[in-house]
Amino acid sequence: MIYYTGDIHGETRFIKHFILLNYLTENDLIVILGDAGLNYYGNDKGDSGRKRNLNKWNVPILCVHGNHEMRPESLATYSEKEWNGGTVYYEEEFPNILFAKDGEIYNIDGISHIALGGAYSVDKFYRLENGIKWFPDEQPSDEIKDRVKSKLDSVNWKVDVVLSHTCPFKYTPTETFLSFVDQSTVDTSTEHWLDDIEDKLDYGKWYCGHWHIDKSIDKLRFVMDDFVCPNQYE
């Protein structure tokens with residue numbers, strides 16, 4: 001079965017507990033909808049231990065790119081391989097942990113999934129002022145956007161499931177806005193881009209993280225703490 005969950009920010013114990021409580025095996029799949037926190041440092045400090053904790057359970061984990069993490073393609077330890085009809089990034093040391101390549105379409109258990117990662121960090125300026133890591137390539141580039149369009153053109157703009165980090169602008173959960181963030185400084189270009197995609201796309205379900213909320217609107221499902229398995233829960 002496929003289970004979709006939200007940002008874990010390196011807190012791998014949540015995944016461990018879910019795997020053990022539900023007796024997951026190598027035949028299951030957990031999808032983390034961005035900010036897995038596994039490529040935060042870009043070196044052995046913290047990252048390797050977290051990956052080791054997840055990899056040892058022998059359950060495949062597919063991570064969508066978030067905003068508070070490095071892109072795997074920027075790290076020398078990652079290689080590409082084909083997986084379920086699309087390209088993923090992986091490390092030989094941690095073969096059960098996969099990172100989706102933005103724009104790729106994966107056929108998982110007969111269900112087509114497209115990955116649309118990235119988002120803007122609303123705490124960007126706080127991070128820069130306080131020496132906390134911020135990644136300038138956190139949002140999808142023009143190259144990624146062109147790849148997404150090309151992939152969607154190839155399937156006549158029809159997929160079963162969309163996996164993104166943030167959401168289309170029209171679904172922005174304003175109740176999650178942080179009071180100390182001036183919203184006029186927030187770059188919403190990725191959300192508007194996803195809006196354009198959502199308007200045109202024929203899809204069945206859309207899952208996203210980023211907003212730290214568990215909530216459904218139309219065909220879109222925000223996920224944070226839940227582990228959503230459509231066959232069981234929706």
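**View 1. W157 in the loop between α4 (142–154) and β9 of a predicted model.** Helices (H or I, at least four residues) and strands (E, at least two) are DSSP runs, numbered from the N terminus. W157 is buried, at a relative accessible area of 12% (buried: under 20%; exposed: over 50%; partly exposed in between; 1.4 Å probe, protein chains only). The phi of W157 is positive, near 55°, and W157 is not a glycine. Most residues other than glycine have a negative phi. Residues are numbered from 1 along each chain as its sequence is written. In this predicted model, local features need pLDDT of at least 70, side-chain atom pairs count only at pLDDT 80 or more, and totals for chains, interfaces and linings use all residues, while side-chain values use heavy atoms, with hydrogens and water left out.

**View 2. Y23 in the loop between α1 (13–21) and β2 (29–32).** Y23, not a glycine, has a positive phi of about 55°. Its relative accessibility is 70%, so Y23 counts as exposed.

**View 3. F180 in the loop between β9 (158–164) and α5 (189–200).** F180 is exposed, with 68% relative accessible area. Together with V122 and L178, F180 makes a nonpolar surface patch of about 310 Å². Patches are made of residues with over 30% relative accessible area and no salt bridge, like charges being joined within 9 Å and nonpolar side chains (Val, Leu, Ile, Met, Phe, Trp, Tyr) within 5 Å. A salt bridge is a side-chain nitrogen of Lys or Arg within 4 Å of a carboxyl oxygen of Asp or Glu. Accessible areas come from the Shrake-Rupley method with a 1.4 Å probe.
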